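Dear colleague,

I am passing on the structure below, and after it you will find my notes on what turned up when I went through it. Please read them alongside the model itself.

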Amino acid sequence: MKVKQRVLSFLWRKDVEIIDTLGNWFKCKRCSEIWSPNFLTGGRQPRGYWQCPQGCNKEEEQLERSKRIRLVRPIVGRS
Ligand SMILES: [Zn+2]
């Protein structure tokens with residue numbers, strides 16, 4: 001799966017980073033949990049694939065929308 005810049009920015013805001021070049025392994029920047037979402041056929045991401053198994057960034061969707069997020073350029077995923 002090729003990681004798109006748009007996806008990287010999204011994950012960055014969720015405190016999630018991609019730790020491999022293919023984008024199969026995710027890491028939570030809050031608790032350092034590492035997980036790999038089970039991608040669907042065709043490389044589509046399942047709903048909530050970006051959520052930390054520990055729930056660190058869960059249900060922050062609403063909150064994130066209402067506050068101003070400072071965008072930081074991700075360091076991984078360049079192709
Ligand atoms: Zn976490």
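Throughout these notes, helices (H or I, at least four residues) and strands (E, at least two) are DSSP runs, numbered from the N terminus. What you have is a predicted model, in which local features need pLDDT of at least 70 and side-chain atom pairs count only at pLDDT 80 or more, while totals for chains, interfaces and linings use all residues. Residues are numbered from 1 along each chain as its sequence is written.

To begin with the overall layout, the protein has 2 helices and 3 strands, and from the N terminus on these elements follow one another as α-β-β-β-α. Of its 79 residues, 14% count as buried, where a residue is called buried if 20 or more other C-beta atoms lie within 10 Å of its own, exposed if 12 or fewer, and partly exposed in between, with C-beta atoms placed from the backbone. Two residues are in contact if their C-beta atoms, placed in that way, lie within 7 Å; among the contacts with a separation of 6 or more, 41% join residues 24 or more positions apart.

The strands form an open sheet of 3 with the order β1-β2-β3 and antiparallel pairing, pairing being assigned if DSSP finds at least two bridges between two strands. Because β1 (16-18) and β3 (34-35) stand at the edges and each has a single partner strand, one side of each is left without a neighbour in the sheet.

Valine 16, which lies in strand β1, counts as buried because it has 23 C-beta neighbours inside 10 Å. Leaving aside neighbours within four places in sequence, valine 16 is in contact with Leu11, Phe26, Lys27, Cys28, Lys29, Trp50, Cys52 and Asn57; lysine 27 is 11 residues away in sequence, with a C-alpha to C-alpha distance of 5.6 Å.

Valine 16 also belongs to the largest nonpolar core, whose 8 residues are Leu8, Leu11, Val16, Ile18, Phe26, Cys28, Trp50 and Cys52; such a core is a set of buried Ala, Val, Leu, Ile, Met, Phe, Trp, Tyr and Cys residues joined through C-beta atoms within 7 Å. At least two residues of this core come from each of α1, β1 and β2.

The loop between α1 and β1 deserves a separate look. Lysine 14 lies in this loop and counts as buried, since 21 C-beta neighbours fall inside 10 Å. Apart from neighbours within four places in sequence, lysine 14 is in contact with Trp50 and Asn57, and its C-alpha is 9.8 Å from that of arginine 30, which is 16 residues away in sequence.

With kind regards
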